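The exercises below are meant to be worked with the sequence and the model side by side. Try each task before reading its solution.

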Amino acid sequence: MFMDIIIYISLAFLLFFCLMAVMSHSMLRSAIYLALASATLSVILYMLGAVWAAVIEVSACSGLVTVIFISSISLSKMGKEDVQKLFATKKQMGLLPVLLVFVGIALVILAVSHGFTLPSVAQEAADTFRTVFWDTRQLDILGQIAAVLVGGIAVSVLLRKDESEK
Amino acid sequence: MQIFNFETVMLFVGILMITAGFYCMIRTYHMLKIIIGIEVSIKAATLFFTLAGYLNGHIGLAQAFVITAIVLEVIVVVVFGGVTIRLYQKYGNVDIRNLTRLKG
């Protein structure tokens with residue numbers, strides 16, 4: 001019961017923060033709302049038993065990604081009028097909550113009319129996260145290392161100085 | 001209602017988050033805003049992965065997938081951030097339509 005209440009409250013906050021991150025015209029506020037959404041998501045992950053995923057979500061997404069966002073925002077500062085030209089008008093962004101309400105109502109009607117139920121929670125498998133991550137999914141780790149290296153090389157190539165700038 | 005438990009609500013919230021993320025990606029030309037749309041959609045995918053692992057009883061496997069998704073999410077943000085900065089240095093704005101003007 002207590003777990004359900006925490007998850008419901010966290011889901012409400014998660015949806016609210018994601019909506020505010022999308023609708024806000026200020027990039028800095030959007031980045032902060034995204035960080036709050038990550039923190040809320042990590043609470044939900046923790047309550048579902050995904051402890052390690054929750055820790056990495058809060059440290060990488062809430063921390064590192066926010067820092068990268070704020071660095072990008074500070075290095076690409078545009079005038080207010082120029083920024084407004086790139087955004088959809090306030091009217092068009094204001095349609096998003098209305099759209100979400102309609103989609104939500106449609107989902108509820110579909111679920112009730114078809115008697116939709118998810119399967120009940122199965123008994124937890126014997127494999128621990130450690131066994132799965134380091135033994136069963138070893139190739140995933142290699143893929144992640146390769147992706148990180150490629151990302152680092154891509155950024156260093158992107159941000160090198162041109163011959164003309166030298 | 002009996003069919004509404006937190007797992008179903010979680011599924012609905014995930015679908016709404018994906019809708020919001022896609023709407024953000026298509027309604028603006030600002031590079032950083034598009035990245036935010038991508039981030040919101042990936043968070044919904046993370047939620048779905050964890051819910052699936054919770055229901056199946058394979059939460060360890062779901063965590064492994066979620067960690068992979070988070071690493072790739074960070075890499076996408078870093079590379080897109082680099083592209084945004086370069087775009088700003090070249091054209092003075094972060095309009096994604098300027099990418100089509102690049103040669104080669």
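**Exercise 1: two helices of chain A**

Task: find which residues of helix 1 of chain A meet residues of helix 2 of chain A, and describe how the two helices pack.

Solution. Start with the contacts: from helix 1 of chain A come A:Met3, A:Ile6, A:Ile7, A:Ser10, A:Leu11, A:Phe13, A:Leu14, A:Phe17, A:Cys18, A:Met20 and A:Ala21, and these meet A:Ser30, A:Tyr33, A:Leu34, A:Leu36, A:Ala37, A:Thr40, A:Leu41, A:Val43, A:Ile44 and A:Met47 of helix 2 of chain A. Two residues are in contact if their C-beta atoms, placed from the backbone, lie within 7 Å, and helices are DSSP runs (H or I, at least four residues) numbered from the N terminus. By class, this contact has 18 nonpolar, 3 polar and no charged residues, where Ala, Val, Leu, Ile, Met, Phe, Trp, Tyr, Cys and Pro count as nonpolar, Asp, Glu, Lys and Arg as charged, and the others, Gly among them, as polar.

Next take the geometry: helix 1 (residues 2-23) and helix 2 (residues 27-47) of chain A pack at an angle of about 160°, with their axes 8 Å apart. Helix 1 of chain A is therefore roughly antiparallel to helix 2 of chain A, a term for angles over 145 degrees.

The model is a predicted one, in which local features need pLDDT of at least 70 and side-chain atom pairs count only at pLDDT 80 or more, while totals for chains, interfaces and linings use all residues. Residues are numbered from 1 along each chain as its sequence is written, and chains are lettered from A and ligands numbered from 1 in the order in which they are written.

**Exercise 2: the side of chain B that touches chain A**

Task: state how many residues of chain B are in contact with chain A, and which helix of chain B supplies the largest share.

Solution. First, 63 residues of chain B are in contact with 72 residues of chain A. Helix 1 (6-26), helix 2 (31-56) and helix 3 (59-91) of chain B each supply at least two residues of that side, and the largest share, 25 residues, comes from helix 3 of chain B.

Technical notes
Axes fitted to C-alpha atoms, helices over the stretch in contact; angles between N-to-C directions. Parallel < 35°, antiparallel > 145°, perpendicular 65-115°, else oblique.
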